[in-house]
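The sequence and the model are shown first, and the description follows.

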Amino acid sequence: MFKTIVQYRQFIWSCVKREFQSRYRKSLLGSAWAVINPLAMIIVYTVIFSQVMKAKLPGIDSTFGYSIFLCAGTLTWGLFAEIIGRSTTVFLDNANILKKINFPRICLPVAIICTAIINFLIISFLFLMFLIFTGNFPGIEILAIVPLLLILILFSAGLGITLGVLNVFFRDVGQMVGILLQFWFWFTPIVYPPTIIPIWARGFLAWNPMTQIVRAFQIIFVEKRWPDMEGPLIVAVLSVGLCMLALRLYRRHVGEMVDEL
Amino acid sequence: MSTSIQVSNLGKGYKQYPNQWSRLLEWIIPTNRIRHHVKWILKDINFTVQAGQALGIIGMNGAGKSTLLKIITGTSYQTTGDVQIYGKVAALLELGMGFHPDFTGRQNAIMSGQLMGYSLAEIMDHMENIEDFAEIGTAIDEPVRTYSSGMQVRLAFSVATAIRPDVLIVDEALSVGDAYFQHKSFARIREFREQGTTLLLVSHDKAAIQSICDRAILLKDGVVFKEGKPEEIMDFYNAMIAEKGNETVRQVATESGKIQTISGTGEAEVEEIYLLNGKGNIVEIFDVGESVSLRVKVRINVSIPRLVLGYMIKDSLGQVIYGTNTYLGELTECDVEPGQDLVYDIKFQMNLGPGSYSIATALVSTDTHLANNYEWRDLALIFTVVNLTHTHFAGCVWLESQMEVTRL
C-alpha cells in the first residue's frame, strides 16, 4: 500500500494543488485567502479577547495569554476537523472518477490529509510569526509539537478513513459526523481551560483523546514548558489501533464501494 | 499470440438488504447469519481474448455489458471467478474519464493521465498529441463544463489513447461523437490493433462491431448467450430484438458453412430462394452489371390478412448495400390462405462491385419488421460478383461513368 502511494505521489500532489485551486478559483485574491482567513482569526482572538474583553487565563499573567490559548486549541482542532470532515465524504465526492478509472483508492484520503496538513502549516506559520512579534515564542520546547502532530495526524487519518468507508455504506455517518464534531469541540478544552469545570467532570474530559493532544499544545504555547507525554502516548496507541481498523475496513470493503456509489 | 484477457467463471452479485438496519446488523454481529440476498448480474462468464484481437460485446440494456467491462477494467470487483489481464489498460467507461466540470480540458487531461498511472512528464510529452487529436482548439483551456458531450468524448478518447495501451476498453463512448471523429477514432483503434492492442468494445452500432471486431459475444440476462463471428452474433441479436411473444430464433449452418439466422412467428416462410441469370439459369456467380432475377417462393402456413416481402443485399461484413420490399413496390398481398404458395420475381441489374454478398429476406405485415414478423431470414442466399466485362474499379457499387477532359 505504501508502495502504491509513493507510485501515485504525483497524482496525490496534483489532487492537493487542485484542492487549493478549486477553493480559490474565480476569486480575485486567489490563494491569498488561505492566509487572510487564519490571519483574521488570529486578529479577532487577540484584539477582542486581549484588548477589548481583557480576558485572562487563571494563573497566566500575559496580555495575550488567552489569545494564545485559543489559537493553540483552534489550530489543533482545525487540522483534526478538516481531516475528519473531508475524509468522511471523500469517496462520495469522487464517485465520478471512482466509477470510471481504476487507481488505488487510498490516494484520495491521502490527498485530503496532505491538503489539511498544508493548510495547518500556513496557519501555524502565521501563528508563530505572531508569537515571535509579541515575544511569546516558547523556545526549544516548540520541538515537542513534532511528535504531537504525528500522533494527531495518525489519529485523524485512522478515524477519518474509517468514517469515510462507513459513510459509503451508511450515509447516516456523514450526517452524524457534523453533529459529533460540534459536541466534540465543546467537550474539548479549546475555548475554556479545564480548570473552570467541576473536578468530577474533568475525569471524563481526560478520556477524550483530543483533550490530551490539545492540552499538550496549549501547555507548549501558553505555559512554554515540555508537556506531559503520557496522555498523548496513550492516544498514539489508540491511533495505531484506529489506523489498523481503518485499513481492515478499507481492504475488506473497497471492492463493494463502487457498487454503492 | 499470447493471451491478453482471460475471464474465468466470472460472476457478479450485488448484495441486497431488506433495509439499512439489516446491513448494520450483519456488519457488527460477528455470527455468520446472512441477512442479504445476492442479486446476480453476471453468471459464469468465460472467455479469452488473444493479444491484438477485438471482441465486441452485444446485449440489450441491463444485460450486464457495462458491469462486465467495469470488472475487467478493475473499477468494480467480481463476486466469484477470476479476471486475468496482461499489460496496461485504458478504459472509456460511461462516456468519459470522470472530468471535473470546473477545471479546464488541459487540467483534466493531466489529472486523468495521472489517474491512469502515467507520470507528469509522460503526459506533458503527449499533450500536443492529445490536443491535436481531440481537435477542440482553444477550448482545451476552457472549463469542461462549457464543453458539449461530443467535445468531452473527443478529449476523453484522446487522453485514453494518447499512449498506446495493451488493452483498450470502450463502452459506447464513441457513439456520442460525430461521424468525423468516429472515423478518426476507429482509424486509431485499427492502428493500435495492428501494433498488438487488444480491444473490448460495447456498442449497439452494428457497423462498428462488424467492421472492427474479430469476435463477438452476446450477453443475455448476465450469461454469455452466444459467441461467434460478429456478423452471426449481430444477426442473432437483431432477430432477438424483433422477437415478440412466442417467436423463435434459430440458426442453421448453410452448405457454405455460414450461419443462417431465422426468426419469426412462422405464419409464412421462404421455401426456396435463388438468383437467375439472363438466360434463366440458377447460378451463384454473376458478372458486374448482369441482368438478374431474384426468385423467392413463399409458403403460407396460416391465413394472413396482409403480406409484404422485403429483402436486403449485404456485403461480406454484413453492411446493407441495398434493401427494399413489396410494400414500397406496391405489391402487397392481402388475405392469403394456406396452400396458396406465392412466387416473387424481382428483376434488377447486378450493379455491384466484385465480392461476396448475401441476401436477407423478411416476411412481414407492414414495411417495418417490428410489426408482424412472420419470418426473418439472414444469409438466405449467398452469391458472388466478379468483374468479367468491365474495366477494373474499386468499391461495392458499379456506377458507370463517362469521362471527359478538356485542355484549356
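## Confidence in chain A

Among the elements of chain A, the lowest mean pLDDT, 80, belongs to helix α3 (residues 33–52) of chain A, and the highest, 92, to helix α7 (residues 145–169) of chain A. The model is a predicted one. For chain A the mean pLDDT is 86, and 98% of its residues reach 70 or more.

## A buried arginine in chain A

Helix α2 of chain A contains A:Arg18. This residue, A:Arg18, has 20 other C-beta atoms within 10 Å and is therefore buried. In sequence, A:Arg18 and A:Thr115 are 97 residues apart, while their C-alpha atoms are 9.8 Å apart in space.

## The contact between chains A and B

The contact between the two chains draws 19 residues from chain A and 24 residues from chain B. On the side of chain A that touches chain B, at least two residues each come from α2 (9–24), α5 (95–98) and α11 (230–260) of chain A. The most is given by α2(A), with five residues. By type, the residues of this side of chain A comprise eight nonpolar, six polar and five charged.

## Overall form of chain B

Chain B has eight helices and 20 strands. Its C-alpha atoms fill a box of roughly 80 × 80 × 40 Å along the principal axes. Of the 408 residues in chain B, 38% are buried. Among the contacts in chain B with a separation of 6 or more, 71% are between residues 24 or more positions apart.

## Two domains of chain B

The domain assignment of chain B gives domain 1 as residues 3–232 and domain 2 as residues 246–386. The C-alpha centres of domain 1 of chain B and domain 2 of chain B are 38 Å apart.

Where they meet, five residues of domain 1 of chain B are in contact with four residues of domain 2 of chain B. On the domain 1 side, the elements that give two or more residues are α7 (206–212) and α8 (230–242) of chain B. Helix α7(B) gives the most to that side, with three residues. The residues on the domain 1 side divide into one nonpolar, two polar and two charged.

## The six-stranded sheet

Six strands of chain B form an open sheet with mixed pairing, in the order β5-β6-β7-β3-β8-β9. At the edges stand β5 (89–92) and β9 (223–228) of chain B; each has a single partner strand, so one side of each is left without a neighbour in the sheet. From one strand to the next, the twist averages 15 degrees.

Within this order, strand β3 (residues 54–59) of chain B and strand β7 (residues 198–202) of chain B run parallel and are joined by four bridges. B:Leu55 stands opposite B:Leu200 in β7(B).

## The three-stranded sheet

Another open sheet of chain B is formed by three strands in the order β12-β14-β18, and its pairing is antiparallel. The edge strands of this sheet are β12 (268–276) and β18 (342–349) of chain B, each of which pairs on one side only. Neighbouring strands are turned by 20 degrees against each other on average, direction ignored.

Strand β12(B) and strand β14 (residues 291–300) of chain B run antiparallel and are joined by eight bridges. In β14(B), B:Ile300 is the residue opposite B:Ala268.

How many of the 10 residues of strand β19 (residues 355–364) of chain B are buried? Eight of them are, so the strand is largely enclosed by the rest of the structure.

Strand β19(B) pairs with strand β15 (residues 304–314) of chain B in the antiparallel sense, over seven bridges. The bridge partner of B:Val308 in β19(B) is B:Val364. Strand β19(B) also runs antiparallel to strand β20 (residues 373–386) of chain B, to which nine bridges join it. In that pairing, B:Gly355 stands opposite B:Val385 in β20(B).

Methods
Residues are numbered from 1 along each chain as its sequence is written. Chains are lettered from A and ligands numbered from 1 in the order in which they are written. This is a predicted model: local features need pLDDT of at least 70, side-chain atom pairs count only at pLDDT 80 or more; totals for chains, interfaces and linings use all residues. pLDDT is the predictor's confidence in each residue, from 0 to 100. Two strands pair if DSSP finds at least two bridges between them. Axes are lines fitted to C-alpha atoms, for helices over the stretch in contact, and angles run from 0 to 180 degrees between N-to-C directions. Two residues are in contact if their C-beta atoms, placed from the backbone, lie within 7 Å. Ala, Val, Leu, Ile, Met, Phe, Trp, Tyr, Cys and Pro count as nonpolar, Asp, Glu, Lys and Arg as charged, and the others, Gly among them, as polar. Domain bounds come from an automatic or database domain assignment. A residue is buried if 20 or more other C-beta atoms lie within 10 Å of its own, exposed if 12 or fewer, and partly exposed in between; C-beta atoms are placed from the backbone.
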